[in-house]
Amino acid sequence: MRLRFAPSPTGQLHVGNARTALFNWLMARRHGGTFILRIEDTDVDRSTRESERAILEDLRWMGLEWNEGVEVGGDKGPYRQTERLDLYRAHARELIDQEKAYYCFCSPETLEADRQAALEAGRPPMYPGTCGRIPASEARRRVEAGEPAVIRFRVPKAGEVPFTDLVRGPIWFDLDVIGDFVLVRSGGIPAYNFAVVVDDKLMEITHVIRGEDHISNTPRQVLLYEAFGWKPPAFAHVSLVMGPDHSPLSKRHGATSVAEFRARGYLPEALTNYLALLGWSPGDGDELLPLDELARRFRLEDVGHSAGVFDVEKLAWANRHYLRAADPGRLARLALPYMEREGWLSEPTDEDLAYLARVVPLAAASIDRLDQVPARLRFLFDYSAERALADPTIRAEAFEPGARAVIVALADELRSGDRLRDRDAFRAAAARVRERTGQKGKALFHPTRLALTGESEGVELDLAVPALEAGAELKPDSGIRRIPGAKERAAAFASRL
């Protein structure tokens, strides 16, 4: 079994195309087959190597490594269409020699006039076959004289084109709605339907899984397979990925590319797992599964016909699961760019990374994605008693008599005590403040939070306080911005009351 993913490098990798790549990868992995990556870069005006590199990086980030193709190699290459132009020309000449294709010299103006005439007459707009009546010798002479021409396929005039879709069952198209379509443009660049047939045959593709927007291309491709005397691959057209309004997912719905979701701090295993669930179910009531297990369960027969609606909330749910399960050191490394952007660290030492591996999971327990880490950890890296008390709500809460008494007592208690390095030490200090003030519960812990974090809500105090105390003890060569300890924070806050 040989399957391929063949993106055009004209922009970022859309999550709909990423799901197509994923389904191909899952199918190949389940059956011990080959997953091939081919680059369809014949849109020379829009294709860029930068886009190609970004697509390859996104696929690798998702865990979708390919066995054959660009940057990997193989014996069916080259794997970029612009490096295969001689192959397309040779196969086009073969069809011309067999009079299954012909040169077309019609100008764009003539084609547009024909199209308008067909529409006015209530007929489907398709090429009327004008140049197909030119004798082959005359057409060849005109081409050799330098007259611009495209190459068109000579579509049979009657009948049907049937094929069986592995997802949708039998499908057929009437030939009377398919005009003689272009195989090669006048500049020598192959059209999509021609190039993809030649490539899939020469690369020995056995199964083509792609979006349902390609169903209308399939009859043209089947006609080409028949013209060459080749057996077509098995086709499977999966539903498109839709937005919440059931229109194709686009930028007006928010993020649409893998790169955008990466930048927002979604984990690859979360995005990949979620995309697998769009139009397919692994069964047994399971949804959150590793990639290899998804592959073990994947069957095209279980892929649904209805559109998959992209639900950002469900993606966030999956990401929360994987954030909580992730290795702390990995989370710390992944969170670095977001904290560097805040100016909180640069060139972190090994000790810094160990510290971040301790504190980032505190944030990960209550966020949807990693770009929300700074908001949860701001109390550590960007504490300011002055700024906190400039907030009218915090100021009003701190100046309540009971709250003020707690903050003053806390500052006094910490002035001569040891650091609150663990949960027990913090709770012991809180108990002593309770004894001095008579405040307990929220009346005790809310003012304590205001003073030590500068915030009215956040990470649990008995986790947050030991974390900030550990930060205060980082070595002078730390790449992390200086973190004040509990004693310094309480004193600064109390002095402003």
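Predicted model: local features only at pLDDT ≥ 70, side-chain atom pairs only at ≥ 80, totals over all residues.
Side chains of opposite charge can pair when their charged atoms come close. With a cut-off of 4 Å between a side-chain nitrogen of Lys or Arg and a carboxyl oxygen of Asp or Glu, the count comes to 48 salt bridges.

Two of the pairs lie within helices. In helix α2 (residues 49-62), Arg 49 and Glu 52 are 3 residues apart, about one turn of the helix. Their closest N and O atoms are 3.6 Å apart, and the two residues form a salt bridge. Arg 49 is partly exposed, its relative accessible area being 45%, whereas Glu 52 is buried, with a value of 4%. Helix α10 (residues 291-297) holds Arg 297 and Glu 293, which are 4 residues apart and so separated by about one helical turn. The salt bridge between Arg 297 and Glu 293 has its closest N and O atoms 2.7 Å apart. Both Arg 297 and Glu 293 are buried.

A further salt bridge joins Arg 378 to Glu 342, with 3.4 Å between the closest N and O atoms. This pair links distant parts of the chain, 36 residues apart: Arg 378 belongs to helix α14 (residues 373-381), while Glu 342 sits in the loop between α12 (328-341) and α13 (350-364). Arg 378 has a relative accessible area of 28% and is therefore partly exposed. Glu 342 is also partly exposed, at 32%.

Salt bridges that share partners also form a network, in which Arg 4, Arg 38, Glu 40, Arg 84, Asp 199 and Asp 200 are joined.

Conventions: Residues numbered from 1 in each chain as written. Heavy atoms only, no water. Buried < 20%, exposed > 50% of the residue type's maximum accessible area, 1.4 Å probe, protein only.
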